[in-house]
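The exercises below treat charged contacts and a pocket in one protein. Please study the sequence and the structure before reading the solutions.

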Amino acid sequence: MVQELLVAVVTALCVGALYLAAGARVVKQYEQGVLFRLGRVSGDVRTPGFNLVIPFVDRLHKVNLQIVTLPIPAQEGITRDNVTVRVDAVVYFRVVDAVSALIKVEDYKFAVSQMAQTSLRSIIGKSDLDDLLSNREKLNQGLELMIDSPAVGWGVQVDRVEIKDVSLPDTMKRSMARQAEADRERRARIINADAELQASKKLAEAAQQMADTPSALQLRLLQTIVAVAAEKNSTLVLPFPVELLRFLERAGRQQPGPNGDAPAGIDENTVRTGPPPG
């Protein structure tokens, strides 16, 4: 009798252990458990840790609450200014309501992916090429709002949307390169012209100062000689004042000819070399 009772107790303990093992569930820190009892949601979500369910009656579904990084495949579209582009993006979202994510949508990841692709094509059609290239922050906010509006009802919250790359046709790339090159050349010419204007003003001021003070011109000539001599070359620089040339020119005009005629001018087309005529 005692032996039969002992066997019954051991059997009961084994059955209980098997029952506990079959009903034991562990929910991780980054998860929430939704319990379905005979097909219906039962009670609140199960918190992280050890949880017991009724085997063959309850079914526990675990939902990941971590941020999901979902890449959006490249979408081809025509912008508002009739340029064909291919744009890809990435969506960061997470589940905030585990029950809604399981009940209200069949596959919330696939639903968010399809909604993101549709919204991205819509953004492409509403935007200009310049906005896609330089004003992405505003487009990211608009794209995030378009995706997050229906996703709220699915228990999903979109944290951020980023446009990664904008692919342009080769012809458009060449046109933009030529435009950028022309713009840089225009700015370079403007800068050079402005530099010439400033230099001419300074030179005019320097010339006026030297005209008022003739000794300044002599000092400048001496500085030029010193600068050339410092190079240790065989070039000899001999400054010749312009006033001396003008004096000689006036003297040549005032000198009479050999027969007492009027003063002879200087013929630029005739060069005489050799002794003067007898």
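**Exercises on salt bridges and a pocket**

The structure holds 9 salt bridges, a salt bridge being a side-chain nitrogen of Lys or Arg within 4 Å of a carboxyl oxygen of Asp or Glu. The model is predicted, so local features need pLDDT of at least 70 and side-chain atom pairs count only at pLDDT 80 or more, whereas totals for chains, interfaces and linings use all residues. Residues are numbered from 1 along each chain as its sequence is written, and side-chain values use heavy atoms, with hydrogens and water left out.

**Exercise 1.** Describe the salt bridge between arginine 37 and aspartate 58.

*Solution.* Step 1: the N to O distance between these two side chains is 2.7 Å. Strands (E, at least two residues) are DSSP runs, numbered from the N terminus. Step 3: arginine 37 is partly exposed at 33% relative accessibility, while aspartate 58 is buried, at 9% relative accessible area. Here buried means under 20% relative accessible area, exposed over 50%, and partly exposed in between (1.4 Å probe, protein chains only).

**Exercise 2.** State which strands are linked by the salt bridge of aspartate 159 and arginine 94.

*Solution.* Step 1: the closest N and O atoms of this pair are 3.4 Å apart. Step 2: aspartate 159 lies in strand 8 (residues 156-167) and arginine 94 in strand 7, 65 residues apart. Step 3: aspartate 159 is partly exposed, with a relative accessible area of 29%, and arginine 94 is partly exposed at 28%.

**Exercise 3.** Characterise the second largest pocket and its lining.

*Solution.* Step 1: this pocket contains about 170 Å³ of space. A pocket is an open set of points on a 1 Å grid over the protein atoms alone, where a 1.4 Å probe fits, with protein on both sides within 12 Å along at least five of seven lines; lining residues have an atom within 4 Å of a point. The volume is the space filled by probe spheres set on the points. Step 2: there are 13 lining residues, and Ile54, Phe56, Val57, Asp58 and Arg59 are the closest to the centre. Step 3: strand 5 (residues 58-64) gives the most to the lining, with 3 residues. Step 4: the lining comprises 9 nonpolar, 1 polar and 3 charged residues.

Notes. Helix = DSSP H or I, 4+ residues; strand = E, 2+ residues; numbered from the N terminus. Nonpolar A, V, L, I, M, F, W, Y, C, P; charged D, E, K, R; others polar.
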